[in-house]
Amino acid sequence: MAKKIILTGDRPTGRLHVGHYVGSLKRRVELQNSGEYDKIYIMIADAQALTDNADNPDKIRENIIEVALDYLACGIDPAKSTILIQSQIPQLTELCFYYMNIVTTARLERNPTIKSEIKMRGYSENDGEGKGIPVGFYTYPISQAADITAFQATTVPAGEDQKPMVEQTREIVHKFNTVYGEALTEPSILLPDNEACLRLPGIDGKAKMSKSLGNCIYLSEEPDEIQKKVMSMFTDPDHIKITDPGKLEGNTVFTYLDAFSRPEHFERYLPEYANLDELKEHYTRGGLGDVKVKRFLNSVIQEELEPIRNRRHEYEKDIAYVYDVLKKGSEEAERVAQETLDKVKAAMRINYFDDKDLIASHIAKYQK
Ligand code: ATP
Ligand code: MG
């Protein structure tokens with residue numbers, strides 16, 4: 001049977017937040033422990049993070065360990081999953097360079113995630129006044145295709161923003177295999193089942209919780225900070241008096257409850273309601289205040305994050321071990337990526353020194 005391989009990762013632009021957790025990280029741990037996959041690679045995408053942080057390499061350098069600690073704290077087990085640092089695998093850069101030849105600039109321009117990220121970062125389309133778009137940033141979907149295919153990944157567990165990236169990777173694989181012969185595996189994205197987790201909004205109600213937008217609850221956050229953030233969360237601006245009927249749409253507190261709450265939480269913290277549907281029904285009818293709902297959400301999130309934070313504090317005592325995990329993982333990943341690169345170069349017929357027939361034919365050509 002064909003092997004089932006996972007590749008997924010995060011940019012080390014900050015500590016990981018609950019959006020990462022519900023969008024991808026929690027799933028990774030479940031998949032890791034399910035034993036259904038032959039191999040799991042988890043990549044700290046520092047080279048990708050540098051594409052829009054060229055002037056701030058220290059930010060990336062400082063956050064690699066933070067992301068690694070968050071992984072271990074969430075239950076990523078180095079005995080079962082390989083954690084690697086992207087920049088330490090030169091084969092990824094080499095693959096990217098060859099894939100660039102089979103992607104058009106028009107195709108890159110159509111990538112909706114890139115489009116919205118360009119806007120978010122304030123890049124201007126032309127160099128005129130504002131800051132232009134770095135070429136590396138613009139082409140990062142191709143580099144991501146290199147990351148995924150280097151490990152012949154079949155499955156990419158990620159949030160919704162990654163759909164266009166995996167789609168583009170599939171196109172690159174298809175094109176490569178058609179032009180040069182079968183060498184690469186077509187991956188599929190594995191999205192969260194729960195709709196609220198596809199793209200968790202920020203605590204400010206903005207469309208996506210994102211390190212770059214500063215609207216996050218971090219996994220390593222201390223309890224009083226979590227509480228402060230939850231109590232300040234965006235709800236329904238028209239729900240002024242308790243008796244007012246409240247709206248659920250765009251109400252971040254309820255989106256978070258969709259993502260995090262389970263029936264047992266009601267038993268423990270809000271037994272007057274059997275489940276989330278009953279709570280929602282009361283809120284929309286009127287007579288239920290935001291503070292009560294926020295207090296409940298706070299209890300739910302605190303319960304989820306407490307063990308993660310405690311485990312993190314344990315790993316923080318042994319940073320040398322964490323670096324060792326990253327080094328060993330990167331070394332293993334490099335060996336695997338080299339196998340794919342060899343295949344790719346053979347398929348593209350740029351393996352001159354391994355090609356005895358080529359050399360023999362040139363000898364014959366000049367042998368008179
Ligand atoms: P940056 O702002 O630097 O891009 P980010 O917060 O968007 O950081 P990434 O490292 O780009 O985080 O994303 C890593 C993974 O987490 C991806 O699989 C992405 O889909 C998922 N993810 C990130 N933010 C969210 C979110 N708010 N909801 C669901 N999934 C998310
Ligand atoms: Mg992102």
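Around ligand 1 stand 22 residues, and Thr13, Asp161, Leu200, Lys208 and Ser212 come nearest; a residue is near if one of its heavy atoms lies within 4 Å of the molecule. The model is predicted, so to speak of local features takes pLDDT of at least 70 and of side-chain atom pairs pLDDT 80 or more, while totals for chains, interfaces and linings use all residues. Residues are numbered from 1 along each chain as written, chains are lettered from A and ligands numbered from 1 in the order written, and side-chain values use heavy atoms, without hydrogens and water.

By class, this shell holds 5 nonpolar, 10 polar and 7 charged residues, with Gly counted as polar and Asp, Glu, Lys and Arg as charged. α1 gives the most, with 3 residues.

Here are some polar contacts (pairs of N or O atoms within 3.5 Å):

| Residue and atom | Ligand 1 atom | Distance |
|---|---|---|
| Gly159, backbone N or O | oxygen | 2.8 Å |
| Asp161, polar side-chain atom | oxygen | 2.5 Å |
| Leu200, backbone N or O | nitrogen | 2.8 Å |

Taken alone, ligand 1 exposes 600 Å², and the protein buries 97% of that (Shrake-Rupley method, 1.4 Å probe).

The space that ligand 1 takes is the largest pocket, as more than half of its atoms lie within 2 Å of the grid points. A pocket is an open set of points on a 1 Å grid where a 1.4 Å probe fits, with protein on both sides within 12 Å along at least five of seven lines, and lining residues have an atom within 4 Å of a point. The volume is about 890 Å³. Of the 43 lining residues, His20, Glu117, Asp161, Gln162 and Lys208 are closest to the centre.

Notes. Points joined across faces, edges and corners; volume = space filled by probe spheres on them. Polar contact = N/O pair within 3.5 Å; in protein donor to acceptor, adjacent residues only side chain to side chain. Helix = DSSP H or I, 4+ residues; strand = E, 2+ residues; numbered from the N terminus.
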